[in-house]
Amino acid sequence: MPSKQQGPRARGSAEYKKNKRILLEENPFCNWCGMPASEADHLIEVDRWPADQPGVNSLENMVSSCRKCNATRGNKYRAARDAGRIADANPMPVRAVSYT
């Protein structure tokens, strides 16, 4: 059964892999909790990104993240941004954000 993510939007795309390598090359900390990061997290998730707009795998839409935060964050970034608690995508975002 094929993956639901295909083509240039997929997390397995060359652009995603290149940008993930760039984000993680200096052993950064998680953007959300400050622990050591091991993954690249999309600020606006692939399935929520408008299909007619490029940039889903751009560095502006990705931050370093630990596995736990990447798996549990869900759509909290968009909700916090829309509520004015954090700024739009930032290449050097703050380390931790409160969602409560």
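This is a predicted model: local features need pLDDT of at least 70, side-chain atom pairs count only at pLDDT 80 or more; totals for chains, interfaces and linings use all residues.

Colleague: Fine. How many helices and strands are there in the chain?
Modeller: There are three helices and two strands, and along the sequence they follow the pattern α-β-β-α-α.

Colleague: And how do β1 and β2 pair?
Modeller: They pair in the antiparallel sense, over four bridges, and within that pairing the bridge partner of His-42 is Met-62 in β2.

Colleague: Back to His-42, then: buried or exposed?
Modeller: His-42 counts as buried, because its relative accessibility is 1% and the cut-off for buried is under 20%. Its side chain also makes a polar contact with the side chain of Asn-57, at 2.7 Å.

Colleague: Which way do the residues of β1 point?
Modeller: Glu-39 and Asp-41 point one way from the strand, while Ala-40 and His-42 point the other way, and all of these are buried.

Colleague: Let's move to helix α1. Which of its residues are buried?
Modeller: Helix α1 covers residues 14-24, and in it Tyr-16, Asn-19 and Leu-24 are buried. They lie on the same side of α1, because they cover an arc of only 125° around the axis. On the other side of α1, Ala-14 and Arg-21 are exposed.

Colleague: What do the buried residues of α1 pack against?
Modeller: They pack against both strands, that is, β1 (39-42) and β2 (62-65).

Colleague: Where does Ser-58 lie?
Modeller: Ser-58 lies in the loop between β1 and β2, and it is buried, with a relative accessible area of 14%. Leaving aside residues up to four places away in sequence, Ser-58 touches Glu-15 and Asn-19, and Asn-19 is one of the buried residues in α1. The C-alpha atoms of Ser-58 and Lys-18 are separated by 9.7 Å, although these two residues are 40 residues apart along the chain.

Colleague: What does the side chain of Ser-58 reach?
Modeller: The side chain of Ser-58 reaches the backbone oxygen of Gly-55, at 2.8 Å.

Colleague: Now the other loop, between α1 and β1. What is the phi of Asn-27?
Modeller: Asn-27, which has its place in that loop, has a positive phi of about 50° although it is not a glycine. For background, most residues other than glycine have a negative phi. Asn-27 is also exposed, with a relative accessible area of 64%.

Colleague: Change of topic: where does Arg-67 lie, and what does it touch?
Modeller: Arg-67 lies in helix α2, which covers residues 67-72, and at 60% relative accessibility it counts as exposed. Not counting residues up to four places away in sequence, Arg-67 touches Ser-38 and Glu-39, and its side chain makes a polar contact with the side chain of Glu-39, at 3.3 Å. Arg-67 and Asp-41 are 26 residues apart in sequence, and their C-alpha atoms are 9.2 Å apart in space.

Colleague: I also noticed some cysteines. How many disulfides does the count come to?
Modeller: The count comes to zero disulfides, because a disulfide needs a pair of cysteine sulfur atoms within 2.5 Å. For Cys-30, the nearest cysteine sulfur is that of Cys-69, which is 3.8 Å away. For Cys-69 in turn, the nearest cysteine sulfur is that of Cys-66, at 3.6 Å, and Cys-69 is in no disulfide.

Colleague: Are Cys-30 and Cys-69 buried or exposed?
Modeller: Cys-30 is buried, with a relative accessible area of 0%, and Cys-69 is buried as well, with a relative accessible area of 13%.

Colleague: Last one, for the whole chain: what percentage of the residues is buried?
Modeller: Buried residues make up 36% of the 100 residues in the chain. The chain exposes about 6,500 Å², of which carbon and sulfur atoms supply 55%. As for contacts between residues at least 6 apart in sequence, 63% join residues at least 24 apart.

How values were computed:
Residues are numbered from 1 along each chain as its sequence is written. Side-chain values use heavy atoms; hydrogens and water are left out. Buried means under 20% relative accessible area, exposed over 50%, partly exposed in between (1.4 Å probe, protein chains only). The arc is that of the directions from the helix axis to the C-beta atoms. Contact means heavy atoms within 4.5 Å. Accessible areas come from the Shrake-Rupley method with a 1.4 Å probe; for residues, only the protein chains shown count as cover. Two strands pair if DSSP finds at least two bridges between them. A polar contact is a pair of N or O atoms within 3.5 Å; within protein, one must be able to donate a hydrogen and the other to accept it, and residues adjacent in sequence count only if both atoms are side-chain atoms.
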